Amino acid sequence: DGDARAAGSRARGGCWAAIARLSIGRGWLVVLVLAALAAPAGLAVSKIRTSQTQQEMMPRGAETSEAYSDMVAAFGSGTLFPYWLLLVPADGVVESAAFFERARSLVRRAVELSGVGPAGINVTGVMLKDEADVPFDLLRLALHASPAQCAQLAKSGKPVCLEARAAWRQFTNGDPEAGKNATATRISLALKADAFSAEGTAWLARMRGGLAQALGEAGGADRAYLAGAPLAMNDSVALVYSYFPLMIGVTLGVVFTLVALAFRSLVVPLRAVFTVSLSLVFCFALAWLVYGEGALDGLRWAPLGRLGSLTWSAPVLSWPIAVGLGLDYDIFLLGRILEHRLRGLSEPESIAAGVEDSGPLITAAGLIMAIAFGALLFSTSISLNELAFILTASVLVDTLVVRTVLVPSAMAVLGRANWWPRRLPRPVPSTDLLPLPPAPAGPDAADGGDGSGVPPDYETTVTNGNAGRPGSGSRAGPGAGRRLGPADAEATGEAD
């Protein structure tokens with residue numbers, strides 16, 4: 001409290017001085033409160049679900065989006081984007097009664113193991129149509145029938161030959177009219193549920209396991225592969241998220257290394273990584289509360305309406321941007337704090353002075369970025385709305401809470417350990433601390449008026465004994481009155 005009062009006595013006044021005094025004087029309380037809030041925020045983050053539905057990529061209200069919604073309502077998403085099961089017989093012959101039987105058994109067993117009943121999926125191929133078997137003998141006759149035989153078959157009321165040959169060309173790589181034998185066939189698996197939704201993704205995982213089990217039970221040499229647009233999208237997203245933890249680790253590792261080298265400290269980068277990560281946890285928790293839980297549904301504004309999930313790209317794209325911005329603001333603040341500390345201010349005094357000096361700049365920069373990112377909330381794209389919300393929340397949380405309150409409080413709690421293992425000069429008593437000289441108005445204003453090129457904010461007057469102390473009659477030692485930069489002050493001052 002004594003240090004906090006000393007810091008307050010030198011404050012220039014105003015809101016930033018009040019914030020600095022509060023953060024320093026109640027450091028432990030601020031840290032504990034924010035740490036307690038991190039627990040429910042982390043719980044909310046653990047609930048985040050992502051999806052890759054087509055509606056998320058389409059603009060709201062556009063003709064394309066409305067047409068897609070109407071088609072999904074009429075035919076189901078699975079009909080528009082079906083999965084495909086590719087079957088390759090061991091002997092390379094599709095036109096075989098034995099293969100037809102094996103293929104039917106394999107498909108039905110795999111679908112059964114996937115946990116979806118006939119009402120939840122449409123299975124169609126050359127040997128199956130709407131879950132019913134296509135008789136092999138009739139299909140083979142229709143494929144190789146002469147025009148007269150086709151005419152005879154057509155008397156039943158159905159163009160059997162035309163349907164069979166069209167299906168053969170659609171579902172196999174063969175063409176009987178061109179004399180090309182089929183060596184592979186594909187079967188359409190059209191889910192009634194949205195194949196891109198969380199339900200569709202879960203079914204895909206079960207279907208893959210069921211297909212592998214069905215192949216093992218069959219014991220044959222036939223090969224089977226799943227394919228289709230939903231699978232390609234799902235695998236792409238899964239691959240991106242498999243590298244996401246590595247991306248987070250590498251990003252934070254680079255942050256730690258650069259900050260450690262810049263400030264020659266191990267505690268400073270640890271604290272920076274912690275506060276940046278905490279800021280992102282809070283903003284991702286807010287995003288889930290809005291888009292996953294519908295916390296702002298009362299606003300009745302579509303860009304902030306409940307969706308039940310987050311677009312898969314939003315967390316991945318926002319993470320590095322948010323880390324970069326948060327680290328920028330952290331460096332702004334730390335640079336000013338270290339500058340005042342090297343001048344001879346104590347830890348609480350230098351933190352208070354740094355907050356006062358950098359607070360307006362950081363806040364202005366944060367508000368500018370928040371306005372820029374927030375403009376994307378007026379987009380009709382759901383994915384852009386979510387990205388805008390996460391980045392805007394990240395900037396505001398970092399600017400108004402983390403950098404303004406948490407970082408000063410944490411540094412006040414750590415005290416002299418902030419800069420470990422770096423050794424800084426011992427704080428100068430208030431009566432010995434020389435004020436920075438006012439900047440001259442002449443052409444040498446940028447360098448303090450002495451032509452040294454050193455800005456006055458970075459200068460420190462180094463004296464011996466009591467030289468420079470008001471009322472002191474002692475003589476200054478060698479180098480008295482010489483202006484040096486922060487590094488010189490650290491090198492010549494008495495180590496803390």
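User: Hi! Are Y83 and W203 buried or exposed?
Analyst: Hi! In this predicted model, Y83 is buried, and W203 is buried too.

User: How are the rings of those two placed, and why is the pair called tilted?
Analyst: The ring centres of Y83 and W203 are 5.2 Å apart and the planes meet at 45 degrees, so the pair is tilted. Planes under 30 degrees apart would count as stacked and over 60 as edge-to-face.

User: Where in the chain do Y83 and W203 sit?
Analyst: Y83 is in strand β2 (residues 83-88) and W203 is in helix α10 (residues 198-218).

User: Nice. What about Y291 and F389?
Analyst: That aromatic pair is edge-to-face, with 5.8 Å from centre to centre and 90 degrees between the planes. Y291 belongs to helix α12 and F389 to helix α15, 98 residues apart. Both residues are buried.

User: How many aromatic pairs does the count give?
Analyst: The count comes to nine. Ring pairs also join Y68, F81 and F196 into a cluster.

User: Which charged residue sits over the ring of W84?
Analyst: That's R186, whose charged end lies 3.9 Å from the centre of the W84 ring.

User: New topic: how many disulfides are there?
Analyst: Searching the whole structure turns up one disulfide. C150 and C161 form it, with their sulfur atoms 2.2 Å apart.

User: Which hand does that link have?
Analyst: The link of C150 and C161 is left-handed, with -100 degrees about the S-S bond.

User: And is C161 buried or exposed?
Analyst: C161 is buried, at a relative accessible area of 5%. C150 is buried as well, at 14%.

Key
Residues are numbered from 1 along each chain as its sequence is written. This is a predicted model: local features need pLDDT of at least 70, side-chain atom pairs count only at pLDDT 80 or more; totals for chains, interfaces and linings use all residues. Side-chain values use heavy atoms; hydrogens and water are left out. Rings of Phe, Tyr and Trp (its six-membered ring) pair if their centres lie within 6.5 Å; planes under 30 degrees apart count as stacked, over 60 as edge-to-face and the rest as tilted. Helices (H or I, at least four residues) and strands (E, at least two) are DSSP runs, numbered from the N terminus. Buried means under 20% relative accessible area, exposed over 50%, partly exposed in between (1.4 Å probe, protein chains only). A charge sits over a ring if NZ of Lys or CZ of Arg is within 6 Å of the ring centre and within 35 degrees of the ring normal. A disulfide is a pair of cysteine sulfur atoms within 2.5 Å.
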